[in-house]
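Trainee: I have a chain open on my screen. Can we work through its fold together?

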Amino acid sequence: MTKRIAVIGFGQRLTAVLAAMREAGWDFEIAGQADPAPTNGAPVFPSVAALLADGPFDLVMIGSPNHLHYEHLLAAFEAGYPVFAEKPIVRTEAETFALARHLSSAPPLYIGLVMRSMPIVREVIARVDGGELGTIVSMDATEHLPPEHGAYLARNWRRKEEWGGSFLLDKVCHDFDIFGRIAKSRAARVASFGGKTIFASEHASEHEAYNAVDAGWAGANDAFHSDMDVSDHQVVLVEYANGMRLSFHSNSHTSLTERRWYVAGTKGTLIADLVRNRLMVRTAHDRGKPERIDYGGRTADAHNGADQAMARDLLDALEGRAAFPVTPLESLEAGLTVMAVDRAMREGAVVDCAPIWADYDLAVSALK
Ligand SMILES: NC(=O)c1ccc[n+]([C@@H]2O[C@H](COP(=O)([O-])OP(=O)(O)OC[C@H]3O[C@@H](n4cnc5c(N)ncnc54)[C@H](O)[C@@H]3O)[C@@H](O)[C@H]2O)c1
């Protein structure tokens with residue numbers, strides 16, 4: 001049966017997700033959209049309330065800028081239809097605790113932490129859970145973007161904390177979700193340094209790379225002279241409650257791009273190269289060639305087929321065939337971890353995460 005979908009915030013991301021849903025075999029019609037700057041022909045409603053009053057819908061999809069997720073999620077909960085919302089689920093600690101309190105009355109909720117659907121990421125989780133690597137002791141990870149992408153972040157709404165949250169929250173809450181899943185533990189202490197060094201006036205350049213992508217909603221003209229108040233590079237240290245230790249390095253203006261996780265356990269080591277979609281694993285005393293799995297399917301959007309995989313997971317979840325690979329609580333916890341990291345950067349201090357988790361657990365306990 002054709003699914004009736006309502007879209008709130010129909011920008012670049014949901015355009016891509018909906019295209020992937022079609023490719024994955026979904027049968028749907030877009031019954032309406034609420035977006036102040038529509039870029040496609042789907043029926044436009046004057047407000048989110050007017051759109052949601054036009055139900056029933058099989059799915060409400062939220063792809064608005066991050067500062068609007070909380071308000072749009074509450075409106076969709078009230079309407080009562082299943083919801084797919086883009087990451088990060090919300091933007092601040094206060095919104096996290098408040099949303100946790102609303103989850104008990106929420107309809108089915110699926111968060112677009114799309115890496116969870118990638119075959120390579122599923123394999124990483126399976127190898128860790130299967131015990132082949134032993135106890136995971138430490139890991140390091142990277143996310144290095146090309147100048148075009150960094151310049152987009154410096155001109156798009158993500159450049160402002162009040163809209164995007166932070167560089168890391170918007171860009172790598174995916175990765176911190178998986179790091180927590182690998183650790184099977186919460187961050188206990190975090191430290192971080194970062195800032196805006198690259199997209200500053202002294203590095204201004206007329207190169208076409210810096211305007212290669214349209215800046216979109218509330219965009220700025222010039223990557224080097226915008227009112228950006230988030231980092232353009234950042235380093236992080238995390239100690240998880242069970243003792244696993246992580247270092248993370250991200251830079252938004254590199255010529256050797258990378259998204260790589262190096263996971264070191266007592267019995268083996270694994271490298272996941274998320275750009276080249278390749279996994280390498282070897283047990284501790286094996287001196288032969290490492291096992292290599294090449295997942296292929298690399299695509300220009302660097303998502304390597306993840307959107308289509310998530311579209312299949314979403315259909316399976318909606319139709320009751322399988323659980324969606326990530327829960328709303330895991331999504332909130334990934335966000336909170338990144339918010340603690342950003343707090344450490346802001347305060348220039350090692351942040352003890354215990355009080356944050358205590359507030360979160362209190363909010364979640366209202367669910368039980
Ligand atoms: N999972 C991923 O890999 C991934 C990738 C990119 C973006 N995202 C997420 O998707 C979301 C959208 O990002 P994007 O890149 O599509 O941004 P975008 O700017 O292209 O789209 C945002 C849309 O929201 C609209 N909008 C602004 N104010 C609104 C309001 N009050 N009500 C309704 N709509 C409003 C804008 O007009 C725009 O069309 C963000 O939360 C982002 O973090 C996720």
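Mentor: Start with contacts: residues 24 or more positions apart account for 74% of the contacts in the chain with a separation of 6 or more. Two residues are in contact if their C-beta atoms, placed from the backbone, lie within 7 Å. This is a predicted model: local features need pLDDT of at least 70, side-chain atom pairs count only at pLDDT 80 or more, and totals for chains, interfaces and linings use all residues. Residues are numbered from 1 along each chain as its sequence is written.

Trainee: How compact is the chain for its 368 residues?

Mentor: Its secondary structure comes to eleven helices and 14 strands. These are DSSP runs numbered from the N terminus: helices are H or I with at least four residues, strands are E with at least two. The globule rule (2.2 Å times the number of residues to the power 0.38) is set against a radius of gyration taken over C-alpha atoms. The rule gives 21 Å and the chain has 20 Å, so it is as compact as a globular protein of that length.

Trainee: Which strands are the edge strands of the open sheet of five?

Mentor: The order is S2-S1-S3-S4-S5, with parallel pairing. Two strands pair if DSSP finds at least two bridges between them. An edge strand here pairs on one side only, which picks out strand S2 (28-34) and strand S5 (109-111).

Trainee: What is the bridge partner of Ile-62 in S4?

Mentor: Strand S3 (residues 59-62) pairs with strand S4 (residues 83-85) in the parallel sense, over three bridges. In S4, the partner of Ile-62 is Ala-85.

Trainee: Is Glu-143 buried or exposed?

Mentor: Glu-143 is found in strand S6 (residues 136-144). Buried takes 20 or more other C-beta atoms within 10 Å, exposed 12 or fewer, and partly exposed falls in between. Glu-143 has 24 C-beta neighbours inside 10 Å, so it counts as buried.
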